[in-house]
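Dear colleague,

I am passing on the structure that we spoke about, together with some notes on what came out of going through it. Please have the sequence and the model open as you read.

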Amino acid sequence: MGFSEVHTEVPKTAIYLVGENDWQTDLAKNGYAVVKGAVPKDRADNYANRMHQWLEDLYVLFTLLVLTDDTLTLHSGLGYDRNDRSTWKSEHLPEINNKGMCLDYAVTHEDFAWEIRAEPGVLSVFETVLNTEDLIVSFDAVNFGLAGRKDLPPNKPWPHQDQEPTKNGFRCLQGLVNLLPNGPDDGGLIVCEGAHLLSEQFHKEIAGTETPIPAWNPEWYGFTDKGMKWLEDHGCRWTKVCAEPGDLLLWDSRTPHYNLSSTTDQSRFCVYTCYMPVTEASEEELQRKKVAFEGWFGTTHCKSCHHELFETDH
């Protein structure tokens, strides 16, 4: 399932952050919101099951036939089992970083990922905010946050915003569909409430006064200790966003945020969803989008592919 064509003759759209929905009010005021039940729970459970199944079936790609002492033996290279936590480690899994993100193996183009992106309750939210039905979507990461992994270094806070510091105002609405119960200690999204409204002031005052954290692309800014102190001094507080299976989490790209690993036995599964109006992408960006789609590449949250593609055919 996917978007095989785009429509380009659409008027440039406005952004509707404030509206009749409570989540729109939360988004405008706090810089983040939770849309409850955007995906029905039975379908969310099905998506989570298919993510487990993808991990379990991936051994097919790595199966080897080895002839030893004239005996033909079938060797499986991965062997993940959702019911056996001893297999929840690197030797039985695809490459998943300590933030839970899987960027390779074309996972972002699996059927379950596309079906989540096409969920009516997800699409309607972005159509409401962006005021158009003609959208393109990012091919961002899938998150397999398996609880209790000892083979990865701890995921320490990495506060950042996904918007170029010199570009002010609302530019991008980021999102993820949560697929497993996600409580206060189950890892996941941490946001700095209300800081999006201070973003322009922050960057004006902090510019030239700190040694910046190297940015891996222009649409990323990492908060230094000095930046964190500025946020604290201006009354901004960090909040762990909790969610149930099927909830859609949204945040303004100016909102400082990061994720943490679970400290309980509860894993975290989610698929990132980010859309933009087709009319805001150039012809060159649409061509890059086409290359990414046809090549099963992944992209950043930046839907118009301004930045390098992730090679997902690893």
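Glu164, Lys167, Arg171 and Glu219 are linked in a network of salt bridges, a salt bridge being a side-chain nitrogen of Lys or Arg within 4 Å of a carboxyl oxygen of Asp or Glu. Before going further, please note that this is a predicted model, in which local features need pLDDT of at least 70 and side-chain atom pairs count only at pLDDT 80 or more, while totals for chains, interfaces and linings use all residues. Residues are numbered from 1 along each chain as its sequence is written, and side-chain values use heavy atoms, with hydrogens and water left out.

Salt bridges

Side chains of opposite charge can pair when their charged atoms come close. In the salt bridge between Asp151 and Arg149 the closest N and O atoms are 2.7 Å apart, but here Asp151 is partly exposed at 31%, whereas Arg149 is buried at 13%. Glu91 and Lys89 form a salt bridge whose closest N and O atoms are 3.8 Å apart, with Glu91 exposed at 51% and Lys89 partly exposed at 31%.

The cavity

The search of the whole structure finds one cavity of 30 Å³ or more, and the largest cavity has a volume of about 40 Å³. On a 1 Å grid over the protein atoms alone, a cavity is a set of points where a 1.4 Å probe fits but cannot get out, and lining residues have an atom within 4 Å of a point; the points are joined across faces, edges and corners, and the volume is the space filled by probe spheres set on them. Helices α5 (199–206) and α6 (225–233) each supply at least two residues of this lining, and the largest share, three residues, comes from α5. Helices (H or I, at least four residues) and strands (E, at least two) are DSSP runs, numbered from the N terminus.

The sheet

An open sheet of six strands has the order β1-β12-β8-β14-β6-β4, with antiparallel pairing, two strands being paired if DSSP finds at least two bridges between them. β1 (32–35) and β4 (101–102) stand at the edges with a single partner strand each, so one side of each is left without a neighbour in the sheet. Strands β8 (residues 173–178) and β12 (residues 248–252) run antiparallel and are joined by five bridges, and Gln174 stands opposite Trp251 in β12.

Cysteines

The search of the whole structure finds zero disulfides, a disulfide being a pair of cysteine sulfur atoms within 2.5 Å. Cys102 is buried at 1% relative accessibility, and Cys270 is buried at 0%.

With best wishes

Key: On a 1 Å grid over the protein atoms alone, a cavity is a set of points where a 1.4 Å probe fits but cannot get out, and a pocket is an open set with protein on both sides within 12 Å along at least five of seven lines; lining residues have an atom within 4 Å of a point. Buried means under 20% relative accessible area, exposed over 50%, partly exposed in between (1.4 Å probe, protein chains only).
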